Amino acid sequence: MSAELVLQILLTVAAGLVGVGVFGALSQQSIVMVMMGLELVLNGVLIGGGAAWFFLTPQLPDAQLVVVVALVVMAVEMAMGFAVTIAIYRARQVDMVDMAADLRG
């Protein structure tokens, strides 16, 4: 397989992940499902960016390092988001986005 074909396949997979993630984040009402959609979007962006960066400069390992650091930061962010979601659910028995918006004040 040529490098151009591999890049096209990776970018197609990344675009598919972003599309499915955006649809999932916008069509769901559960906080957990919205967060899962956002996770898919971020994974698609990381795959696309890392693939493009790798094929533009294959001699430098910068792309892999940035993708790994961004993946770790994203995992920590999602863990904190799930912790906040669990805390809100335990305190107020709220698990939907529209009900969580009423928690001001």
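**View A. Threonine 85 in helix H3.** Threonine 85 lies in helix H3, which covers residues 62–92. Helices (H or I, at least four residues) and strands (E, at least two) are DSSP runs, numbered from the N terminus. The model is predicted: local features need pLDDT of at least 70 and side-chain atom pairs count only at pLDDT 80 or more, while totals for chains, interfaces and linings use all residues. Residues are numbered from 1 along each chain as its sequence is written, and side-chain values use heavy atoms, with hydrogens and water left out. Is threonine 85 buried or exposed? Threonine 85 counts as buried because its relative accessibility is 12%; buried means under 20% relative accessible area, exposed over 50%, and partly exposed in between (1.4 Å probe, protein chains only). Apart from neighbours within four places in sequence, threonine 85 is in contact with Ile31, Val32 and Met35. Contact means heavy atoms within 4.5 Å. The threonine 85 side chain also reaches the backbone oxygen of glycine 81, at 2.8 Å.

**View B. Helix H3 along its length.** The end C-alpha atoms of H3 are 45 Å apart, in agreement with the 45 Å that its 31 residues should span at 1.5 Å a residue. The expected span of a helix is 1.5 Å times one less than its number of residues. Buried residues in H3 are Ala63, Met74, Met78, Gly81 and Thr85. An α-helix has 3.6 residues a turn, so residues three or four places apart point the same way. The cover over the buried residues of H3 includes H2. After H3 comes glutamine 93, with a positive phi near 60°.

**View C. Helix H2 and its buried residues.** Helix H2 runs through residues 31–56, 26 residues in total. From first C-alpha to last, H2 reaches 37 Å, close to the 38 Å expected at 1.5 Å a residue. Which residues of H2 are buried? They are Ile31, Val34, Met35, Gly37, Val41, Gly44, Leu46, Gly48, Gly50 and Ala51.

**View D. Phenylalanine 54 and phenylalanine 55 as an aromatic pair.** Searching the whole structure gives 1 aromatic pair. The pair consists of phenylalanine 54 and phenylalanine 55, edge-to-face, with 5.4 Å from centre to centre and 80° between the planes. Rings of Phe, Tyr and Trp (its six-membered ring) pair if their centres lie within 6.5 Å; planes under 30 degrees apart count as stacked, over 60 as edge-to-face and the rest as tilted. Phenylalanine 54 is partly exposed, with a relative accessible area of 31%, and phenylalanine 55 is also partly exposed, at 27%.

**View E. Isoleucine 9 and alanine 51.** Isoleucine 9 belongs to helix H1, residues 3–27. With a relative accessible area of 41%, isoleucine 9 is partly exposed. In sequence, isoleucine 9 and alanine 51 are 42 residues apart; in space, their C-alpha atoms are 9.8 Å apart.

**View F. The chain as background to the close-ups.** Of the 105 residues, 19% are buried. Among contacts between residues at least 6 apart in sequence, 63% join residues at least 24 apart.

How values were computed
A polar contact is a pair of N or O atoms within 3.5 Å; within protein, one must be able to donate a hydrogen and the other to accept it, and residues adjacent in sequence count only if both atoms are side-chain atoms.
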